[in-house]
Amino acid sequence: MNRVFAQLDFPGLPLEAVGIVSQTPAAAVYAGQQLIAVNSAALEAGIYPGMTLSLAQTLCPGLHTQARRSDLERQWLHQWAHWAYGYSDQVAIRGQGLCLE
């Protein structure tokens, strides 16, 4: 029996969970004092995930920042997992994504 697996990753999940869906203005999500996700305008301004919040704000004074909301990310993943059950009876949340068998 052949099994087909699919891993759906959502690298923009931290941004989408807090409502940052536009690519402008420059925006980032942070946890503690470290950026974990940035939009394309932030990337163009030289802001990258892993950078400290203070350095990012120094380099880009207009940077829009939001604290990470892991609870909203998890809720978002659960909603997509329910959708995925329409295509597979084996769905698991793994990291920032879904695994389907």
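I began with the hairpin: β2 and β3 form it with 2 residues between them, and Gly 32 in the turn has a positive phi of about 65 degrees. Strands here are DSSP runs (E, at least two residues), numbered from the N terminus.

I noted the ground rules next. The model is predicted, so local features need pLDDT of at least 70 and side-chain atom pairs count only at pLDDT 80 or more, while totals for chains, interfaces and linings use all residues. Residues are numbered from 1 along each chain as its sequence is written, and side-chain values use heavy atoms, with hydrogens and water left out.

**Entry: the sheet with the hairpin**

I looked up how β2 (residues 27–31) and β3 (residues 34–38) pair, and found 4 bridges in the antiparallel sense. Two strands pair if DSSP finds at least two bridges between them. Ala 31 stands opposite Gln 34 in β3.

I then asked which strands make up the sheet. It is an open sheet of 3 strands in the order β3-β2-β4, with mixed pairing. β3 and β4 (64–67) are the edge strands, each pairing on one side only. Neighbouring strands of this sheet are turned by 35 degrees against each other on average, direction ignored. For such angles, axes are lines fitted to C-alpha atoms, and angles run from 0 to 180 degrees between N-to-C directions.

I checked β2 against β4 as well: 4 bridges join them, and they run parallel. The bridge partner of Val 29 in β4 is Gln 66.

**Entry: the other sheet**

I found 3 strands in an open sheet in the order β1-β6-β5, with antiparallel pairing. β1 (6–9) and β5 (91–94) stand at the edges with a single partner strand each, so one side of each has no neighbour in the sheet. Neighbouring strands here are turned by 20 degrees against each other on average, direction ignored.

I followed β1 to β6 (residues 97–100): 4 bridges join the two antiparallel strands. Gln 7 stands opposite Cys 99 in β6.

**Entry: salt bridges**

How many salt bridges are there? I count 2, taking a side-chain nitrogen of Lys or Arg within 4 Å of a carboxyl oxygen of Asp or Glu.

Arg 68 forms one with Glu 73, the closest N and O atoms being 2.9 Å apart. I looked up whether these residues are buried (under 20% relative accessible area), exposed (over 50%) or partly exposed (in between), with a 1.4 Å probe and protein chains only. Arg 68 is partly exposed at 32%, whereas Glu 73 is buried at 4%.

Arg 69 and Asp 71 meet in a salt bridge at 2.8 Å, N to O. Arg 69 is partly exposed at 38%, and Asp 71 is partly exposed at 45%.
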